[in-house]
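Here is a short briefing on one structure.

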Amino acid sequence: MQQTMPVAPGKRFRSDEIEISLCEQKDVDRIAEGLYTCFPEVWWSKMEPPSMRPPSQSTRERRLAKRLLPSFSNPNMNWVKATLASTGTIIGIAGWMAPGNPIHNIWRRSATAAYNYQEQMSWSDEEIAEMWEGVNLEAWEAQFEKDDGLRRDVLGDEGHWYLGPLFTFPEFQGRGVGRLLLDWAIQKADATVPVTPLYLESAPTARAVYMKVGFVSVGEHNFLRRGPRAVKMEENEKGKVAEVKAVEDEVEEAARRPDWVGS
Ligand SMILES: CC(C)(COP(=O)(O)OP(=O)(O)OC[C@H]1O[C@@H](n2cnc3c(N)ncnc32)[C@H](O)[C@@H]1OP(=O)(O)O)[C@@H](O)C(=O)NCCC(=O)NCCS
């Protein structure tokens, strides 16, 4: 899994080439496809071990899409998409949960009960069992429960934006799409008085992206952003160099980690 790279000069999409908007329910299939395409096999093999998987990838995508579908009815959940204006293709996704939502990840198996999905979607017990087939439920639930606990430790009852997931399809990475998807919520968060915190769990490979937009590490994988990073008036070139070096050190440290968790 490769580290992200700064956007190279001349590579950034022009603003008229990308549209940022909210997803519709029909986009859920593309979201599921993107999650399998963009998130590394090392993560998926822990959560959906190859020995448990159905023979066809489309079955996995259909099941994941079905598990995600009720989140579209959650008024706090904002599925934000980046669409290539020329073709209408979705090339990036951010899932931004708005402040005020309980700390209970929508991905969790336990979310079915916590958010009353079964009644809301009129799912039978058999349907629920089928959509979770092929998932190592113990690993899945343990990971997200742990992350929810860490988030509660950091934020308690404080309202915050929560990011999960964020991805850009591989052929479009490194061209500013992730930045636009992050800015969608950052602008809203910074416009409140006081500013609203934003929180996420990062893959080791993505840490530099989050640090670049002002997130600071608050644990092994978790990051918090409270407004733009304060830039002191007296900060000179030396200060800037130190900041770049800090990002580079983080990236190097992340590269040494063999495995990763996070959304
Ligand atoms: C992480 C990911 C979403 C980034 O998307 P992207 O579209 O390639 O990101 P961008 O090109 O917009 O880059 C985002 C910002 O980070 C900066 N950046 C990226 N890597 C950097 C690095 N190593 N050092 C410094 N800045 C870096 C970019 O320059 C850009 O900032 P800018 O707009 O101020 O120039 C994408 O790599 C991805 O989908 N990865 C796989 C899935 C994943 O790991 N998701 C995150 C899980 S937490």
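How are H1 and H3 oriented to each other? This is a predicted model. The axes of H1 and H3 cross at roughly 120°, and the two helices are therefore oblique to each other.

**Helix pair H1 and H3**
- Two packed helices are described by the angle between their axes and the distance between the axes.
- Helix H1 spans residues 28–38 and helix H3 spans residues 57–68.
- Their axes come within 8 Å.
- The crossing of H1 past H3 is right-handed.
- On the H1 side, the contact uses Val-28, Asp-29, Ile-31, Ala-32, Glu-33, Leu-35 and Tyr-36.
- H3 meets them with Arg-60, Glu-61, Leu-64, Ala-65 and Leu-68.
- By class, the residues of this contact are eight nonpolar, four charged and no polar.

**Ligand shell**
- There are 29 residues around the ligand.
- Thr-168, Gln-173, Gly-178, Arg-179 and Ala-208 come nearest.
- The shell divides into 14 nonpolar, 12 polar and three charged residues.
- Strand S4 (161–168) supplies at least two residues of the shell.
- Helices H8 (177–190), H9 (207–212) and H10 (237–256) each supply at least two as well.

**Lys-212**
- Lys-212 sits in helix H9, one of the elements that supply the ligand shell.
- Lys-212 has 17 C-beta neighbours inside 10 Å, so Lys-212 counts as partly exposed.
- Lys-212 and Arg-179 are 33 residues apart along the chain.
- Their C-alpha atoms are separated by 9.4 Å.

Terms used: Residues numbered from 1 in each chain as written. Predicted model: local features only at pLDDT ≥ 70, side-chain atom pairs only at ≥ 80, totals over all residues. Near = placed C-beta within 6 Å. Helix = DSSP H or I, 4+ residues; strand = E, 2+ residues; numbered from the N terminus. Nonpolar A, V, L, I, M, F, W, Y, C, P; charged D, E, K, R; others polar. Axes fitted to C-alpha atoms, helices over the stretch in contact; angles between N-to-C directions. Parallel < 35°, antiparallel > 145°, perpendicular 65-115°, else oblique. Left-handed = near helix turned anticlockwise from the far one by under 90°. Contact = placed C-beta atoms within 7 Å. Buried ≥ 20, exposed ≤ 12 C-beta atoms within 10 Å, placed from the backbone.
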